[in-house]
Amino acid sequence: MMAATGRHNVHYNLKRKHIEDYSSDEDDNSKQAKSNEPRLCPYLDTINRQFLDFDFEKLCSVSLSRINVYACLVCGKYFQGRGTNTHAYTHSVGEGHHVFLNLQTLKFYCLPDNYQIIDSSLDDIKYVLNPTFGKNQIAKLDNNDKMSRAIDGSLYSPGIVGMNNIKANDYCNVILQSLSHVTPLRDYFLRESNYAKVKRPPGDSHYLLVQRFGELMRKLWNPRNFKAHVSPHEMLQAVVLWSKKKFQFTEQGDPIDFLSWFLNELHMALNGTKKKDSSIIYKTFLGHLRIYTRKIPPLELEEKQRSELLNTEEYKETVTESPFLFLTCDLPPPPLFKDQFAENIIPQVNLYTLLSKFNSQSEKEYKTYKENFMKRFEIRELPPFLILYIKRFTKNTFFVEKNPTIVNFPVKNVDLGDILTPEVKAMHPHTSYDLIANIVHDGEPSHGTYRVHILHKATGQWYELQDLHVTQILPQMITLTEAYIQIYELKKEETTDGENGKTQ
């Protein structure tokens, strides 16, 4: 009996020792606390900053655990624990790599001696792992035209950086890049304190989406990054998890589906309600439509029967109030004929023609399986940032067809005043918008790719971003592309830059 008790105590002590080895840095053991006293480290010159990449999931490369993970600052790999016999300890002894960073506490340690390192020369590494932005710094972002330099010497503009395409996530990348240049949304997510106190029910991982988006936003705008691109790996993992694999980064998806889902999920995660000011999402993008719908009598009926039906309650026009986060613009059908050189005609349409759908007068027929309806749309309230979805794809039972029509649009001063009713226009002193992001689809519907044009406000320069590739582009070239999703910013007032004499 005593022997059994002894074996039990030995097993308990070994188990306890194992837990302590992998536990948190904070320890009441006075002997260990003494060894953790800050000391100068002779191995700081072994750190390889070009190997450091904090964009991926913070888990041990051996145990795959997320608990108490350290980054080796020599090779960039992640290991769990710090005590004797832990993976980080074993790595330090076996490879001769001695400088480690706790990815949660942001404390540096020298292993296997196990003492904390405090040195201001390491602050740049902490900032790359967790960039922070003050209010004054955020206020100057749209006026700061200074370039930043990465570790390899390449120059980049904060906010205009490429994003890794892990396999087929370009449809997500273009949305995330576009949203990162919506000023109020960006400013909100750059300061973690804005949403760190959002209360969620226990066990609700919904908030993870908010955290990951905030982290990605801070990395995209980091002026002290080690490289001129960012990986959205952790952000996309949160998307896959919370969408229950509806959106993957191994299969191509539709940006408008992702955008609609993402904005609504962020809104709910921030405790948003139906009220306009309940979240930063609604404050930024929410507009209001009034939809007039009337049922069409069957065409096979005689004229007299049709006239009688129109006077019944069932066929009277009904009015529906509808909030929106984006407006769907319908392209006209492309022509089926070819020109004299046997080339397909590339059809074109003016953006204002598409927007006339919302002038409260134009009627459009909508067909369902059993009934047909006529609808007209009236914009009742304009949002601060207007998202336009240009519907290019038509899906039927057999295949997806793409409409290649080019939309002619100005990049500045898109005025919606003419499509508003006098009553609504009186409530909107400002009705002009400037383009800030333009998402384009290239190629066939089933296996095409996406890219995005972004306006860098500080310089007024347009950039084309396609995953890791970032190039300057002329505004005139943007209007020749097959625009798919556009984001416009409402111009509140025109201000003159006194020094440069420019109107902004």
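Figure 1. Leu-106 counts as partly exposed, because its relative accessibility is 21% and the buried class takes in values under 20%. This view, like the others here, comes from a predicted model. Look at the backbone as well: phi of Leu-106 is positive, about 60°, although Leu-106 is not a glycine. You will find Leu-106 in the loop that runs between β3 (99-102) and β4.

**Figure 2. A cis peptide bond at Pro-112.** Follow the chain to the loop between β4 (108-110) and β5 (115-117), where Pro-112 is found. The peptide bond joining Leu-111 and Pro-112 is cis, with an omega of about 10°.

**Figure 3. Ser-360, a buried residue with a positive phi.** Here is another backbone to look at: Ser-360 has a phi near 75°, which is positive in a residue other than glycine. The loop between α13 (351-355) and β14 (364-367) holds Ser-360. Is Ser-360 buried or exposed? Ser-360 counts as buried, because its relative accessible area is 5%.

**Figure 4. Helix α8 and the elements packed around it.** Helix α8 covers residues 207-220, 14 residues in total, and spans 20 Å from its first C-alpha to its last. That reach is close to the 20 Å expected at 1.5 Å a residue. The helix is mostly covered, with 11 of its 14 residues buried. Among the buried residues are Tyr-207, Leu-209, Val-210, Phe-213, Leu-216, Met-217 and Leu-220. What do the buried residues of α8 pack against? Their partners are the strands β8 (162-163) and β9 (229-230), together with the helices α6 (170-179), α7 (183-190), α9 (233-242) and α10 (255-269).

**Figure 5. Helix α7, largely enclosed by the rest of the structure.** One of the partners of α8 gets its own close-up here. Six of the eight residues of α7 are buried, so the helix is largely enclosed by the rest of the structure. The buried residues are Thr-183, Leu-185, Arg-186, Tyr-188, Phe-189 and Leu-190. The cover over them includes the helices α5 (135-139), α6, α8, α10 and α11 (280-285). Strand β16 (385-391) is also part of that cover.

**Figure 6. The second largest pocket and its lining.** This pocket has a volume of about 660 Å³. Of the 22 residues that line the pocket, Lys-58, Leu-103, Gln-104, Arg-212 and Glu-215 are the closest to its centre. Which element gives the largest share of the lining? Helix α8 does, with six residues. By residue class, the lining divides into nine charged, eight nonpolar and five polar residues.

**Figure 7. Ser-65 and its contacts.** Ser-65 sits in the loop between α2 (30-35) and β1 (69-72). With a relative accessibility of 15%, Ser-65 counts as buried. Setting aside residues up to four places away in sequence, Ser-65 touches Lys-58, Leu-59, Cys-60 and Gln-80. One of these, Lys-58, is also among the residues closest to the centre of the second largest pocket.

**Figure 8. Pro-404 and the residues it meets.** Pro-404 is found in the loop between β18 (400-402) and β19 (406-408). Its relative accessible area is 31%, so Pro-404 is partly exposed. Beyond its neighbours within four places in sequence, Pro-404 is in contact with Pro-334, Ile-346, Arg-392 and Glu-482. Phe-393 lies 11 residues from Pro-404 along the chain, and their C-alpha atoms are separated by 9.4 Å.

**Figure 9. The whole chain, and where to read it with care.** The protein chain has 15 helices and 27 strands. Of its 504 residues, 47% are buried. Among contacts with a separation of 6 or more, 67% are between residues 24 or more positions apart. The average pLDDT of the chain is 87, and 87% of the residues score at least 70. Two stretches call for care. Over residues 26-35, pLDDT stays under 50, and the model has six contacts beyond four places in sequence for this stretch. Over residues 495-504, pLDDT also stays under 50, with 10 such contacts in the model. Where pLDDT is low, the predicted coordinates should not be read in detail.

Definitions and conventions:
Residues numbered from 1 in each chain as written. Predicted model: local features only at pLDDT ≥ 70, side-chain atom pairs only at ≥ 80, totals over all residues. Heavy atoms only, no water. Helix = DSSP H or I, 4+ residues; strand = E, 2+ residues; numbered from the N terminus. Expected span 1.5 Å × (residues − 1). Buried < 20%, exposed > 50% of the residue type's maximum accessible area, 1.4 Å probe, protein only. Contact = heavy atoms within 4.5 Å. pLDDT = per-residue confidence, 0-100. 1 Å grid on protein atoms, 1.4 Å probe; cavity = no way out; pocket = protein on both sides within 12 Å on 5 of 7 lines; lining within 4 Å. Points joined across faces, edges and corners; volume = space filled by probe spheres on them. Nonpolar A, V, L, I, M, F, W, Y, C, P; charged D, E, K, R; others polar.
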